[in-house]
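Hi there,

Here is the structure I promised to pass on. Have a look at it first, and then read my notes below.

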Amino acid sequence: MSQVVIPLEFERYLQDRIINGQAPDMNEMIFAYIPGLDPEQTIDRNQGLPDPSYWVYQQDVMQQAKLNDDAIIYSLVIPGEVKKFTFNAIYLHDKQTANSCGLVVHKMTETKEPEMSSVRSCVQQYSGAASIAKIHVTPESWQIDYHARLYGIDDDLRLACWDLFGDASFLGNGFQVKASDGGYQCSPGVGYVGGLRCVNDALTTLSNVQAGDGIYLDVRWQGDVLSRWATQWKLVVSATSLTDYVDHGTQHYVTQIAAVKANGSVTDLRHLGIDESKLPNATTTRKGVVALATDGNVKTGKGTGVISPRQLKQALDQFGGFGQPVDLGMITDNTALDSAPTGLIHFASDLITGKSTECQGVKIQHPDGDYSIIAGSGSQQEPALFFFHSVQNKWSTTLTHRTLYVENLLKGNQNWNVEGDAGELTTSPQNFAAGQEFSHGWFCGSDVTGIYLDSQTGAVYATAGTIFREYPLSTTAGLYASVTDANGLQTYADALETNGIRLAVEQATGQVRLTIDLSVYTSGIKIAALSYGRGLIPVISDDDSERAARGGYILIKDFRSRTKIWPDGTCDISMRATAGKAAAAYRNPLPITIKTFSTELGDSATANHWGGDAEVIIVIDSKNMPKSNNDIWLRTNHPTINVDTLIHIKARVA
């Protein structure tokens, strides 16, 4: 409920204006907050404007109109950018004349919120008001809500631009972000985001940009009831992805225009020009958009872009007479390939496998003149793929047989780098007796003489003897055993008498046994394999070879320690050490470097007296441990001597 009254002072003001031939001029509204005001109480007509200390906001009247002969309406629009204020009284007066208050309104307390526009109207009623105030315009002439219509016009224009430019598109260098003198700048120019036209009039410097950040353009269409609406935009730097959003009823359109790489360089993510996806593609019968194919799409045959004459020539030059294979006949010298044309070729040669092999392939020539040939064996021969490069001037068999690669069931110690019970292979020749395990899983079938591991090829050589290894299977069905020598030549098991390899089930153990006659392989044994199917055996690292043999870890050992290193980067260290007497910490070097010791991250260490004396207490010195990556510090309660200890450490490898 509210109370409205025309104060008595308005009558005196009105009389004075009429006598002087002037119309009353109610040109300002004052908003006030009167503490303790009761809007239900009748307003005393003797009052006028309150003391200015109660005023919270004032604004000129923006429109006035005739409601009828005896009533006039005064209106204004409080803009959204006006700060928050609270009021419970409104006063209408002539700001040019003292004691001219023409209307007092007492109402319930109300708050004008920020970012919220507000329309306020006051009606003043007295006999002949319109004629006296010389106001003849009715409110219908200006109290019309054009917002919906204008918004529709604006949005139609925005959608038309969106149809042409898509979600985001830029012209030339507009809004391009570049690194400059250790900082980042956004170039002036024009862009369209969500159909709204953005104009950057000057070079803009971006602040607080870090590696990995994205640079975004945030755009909105904004204005107020009486102002000109326009596109408002801002540049936003964010480490997280940003998308369109609505804030206080205003739609924001967001697009990423750049990304900062780890090295500080900038990736330009702007789309340039019109949005081709919204326009029809050109056909043989219809005009439309045509895009030039990239070199990558030409090479891979992807996309629908148009190929340029340069790209066409570049694509066909490497094939020469493409589609017309050239028969080179019998090649007895690799130099005969120099004059062969690029493109598809057919030939026969004994230079590849040592016997006459018919091949079909392709020759590809580099602009420098060097060339490569990739060829496959003929259909009447065992499938194989060969490779030749003019610089090396030699052939290689890159892929063979029906499969490409097969898994070695004997992957554990595939590289001969894990010790056996009787010793381990070194680069110096050794002798082992029948039955001895000279390398993990490998035993001597007979006395072996002069066996060693070549440091250059990684292959095993020996003067004489047989070796064997067993695998826990009871049948050889589907299994293939092979030996790959230091030159990459792979031989499959037949019999010891024919090719030095035998695969059979050993009656005594009931397991599959692979036996190799070392004297047959004078070119060394690089890989001994057991597999399902024929094919190349993948080369693995020494670490993988050892981990497969030991159950997942790598072992480092010396005269006082054993260290297991696991794939997750943790390690277990067991070692003899010394604890300092009389609680003085003693430094013991570790066999490897570990990360800074931290029990919160799972590191642990235990120590025991070597002699097992329960009265001797070994203490790991926590004060020094976090300071070192290469040592462990121990102390004891023994008063006179340093004590030998056995310690176990679980840590993370540095």
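**Two asparagines in loops**

Let me begin with Asn208, which sits in the loop between strand 14 (204-206) and strand 15 (214-222). Please keep in mind as you read that this is a predicted model. Asn208 has a phi near 55 degrees, a positive value in a residue other than glycine. As background, most residues other than glycine have a negative phi. Is Asn208 buried or exposed? Its relative accessibility is 68%, and exposed means over 50%, so Asn208 counts as exposed.

Asn393 also has a positive phi, of about 55 degrees, although it is not a glycine. You will find Asn393 in the loop between strand 24 (384-389) and strand 25 (394-400). With a relative accessible area of 45%, Asn393 is partly exposed.

**A nonpolar patch on the surface**

Next, have a look at Val290, Leu292 and Val306. These residues form a nonpolar patch on the surface, and together they have about 280 Å² of accessible area. Leu292 belongs to the loop between strand 19 (266-268) and helix 4 (295-300). Because its relative accessibility is 60%, Leu292 counts as exposed.

**Asp268 in strand 19**

Strand 19 is also where Asp268 lies. Asp268 counts as partly exposed, at 34% relative accessibility. Its side chain makes a polar contact of 2.9 Å with the side chain of Arg270. Which residues does Asp268 contact, leaving aside its neighbours within four places in sequence? They are Gln176 and Ile257.

How many bridges join strand 26 and strand 29 (residues 448-453)? There are two, and the two strands pair in the antiparallel sense. If you want a residue pair to look for, Gln430 has Ile451 in strand 29 as its bridge partner.

Ser482 is placed in strand 32 (residues 479-484). Is Ser482 buried or exposed? Its relative accessible area is 1%, and buried means under 20%, so Ser482 is buried. The side chain of Ser482 makes a polar contact with the side chain of Gln490, at 3.3 Å. Beyond its neighbours within four places in sequence, Ser482 is in contact with several residues, among them Tyr492, Ile501, Ile527 and Ile537. Gln490 is in that set as well.

Arg513 lies in strand 35 (residues 511-517). Its side chain and that of Glu470 are joined by a polar contact of 2.7 Å. Setting aside neighbours within four places in sequence, Arg513 is in contact with Phe468, Arg469, Glu470, Arg502, Leu503, Ala504 and Glu506.

Happy browsing, and do write back with any questions.

Best wishes

Definitions and conventions
Residues are numbered from 1 along each chain as its sequence is written. This is a predicted model: local features need pLDDT of at least 70, side-chain atom pairs count only at pLDDT 80 or more; totals for chains, interfaces and linings use all residues. Side-chain values use heavy atoms; hydrogens and water are left out. Patches are made of residues with over 30% relative accessible area and no salt bridge: like charges are joined within 9 Å, nonpolar side chains (Val, Leu, Ile, Met, Phe, Trp, Tyr) within 5 Å. Accessible areas come from the Shrake-Rupley method with a 1.4 Å probe; for residues, only the protein chains shown count as cover. A salt bridge is a side-chain nitrogen of Lys or Arg within 4 Å of a carboxyl oxygen of Asp or Glu. Helices (H or I, at least four residues) and strands (E, at least two) are DSSP runs, numbered from the N terminus. Buried means under 20% relative accessible area, exposed over 50%, partly exposed in between (1.4 Å probe, protein chains only). Contact means heavy atoms within 4.5 Å. A polar contact is a pair of N or O atoms within 3.5 Å; within protein, one must be able to donate a hydrogen and the other to accept it, and residues adjacent in sequence count only if both atoms are side-chain atoms. Two strands pair if DSSP finds at least two bridges between them.
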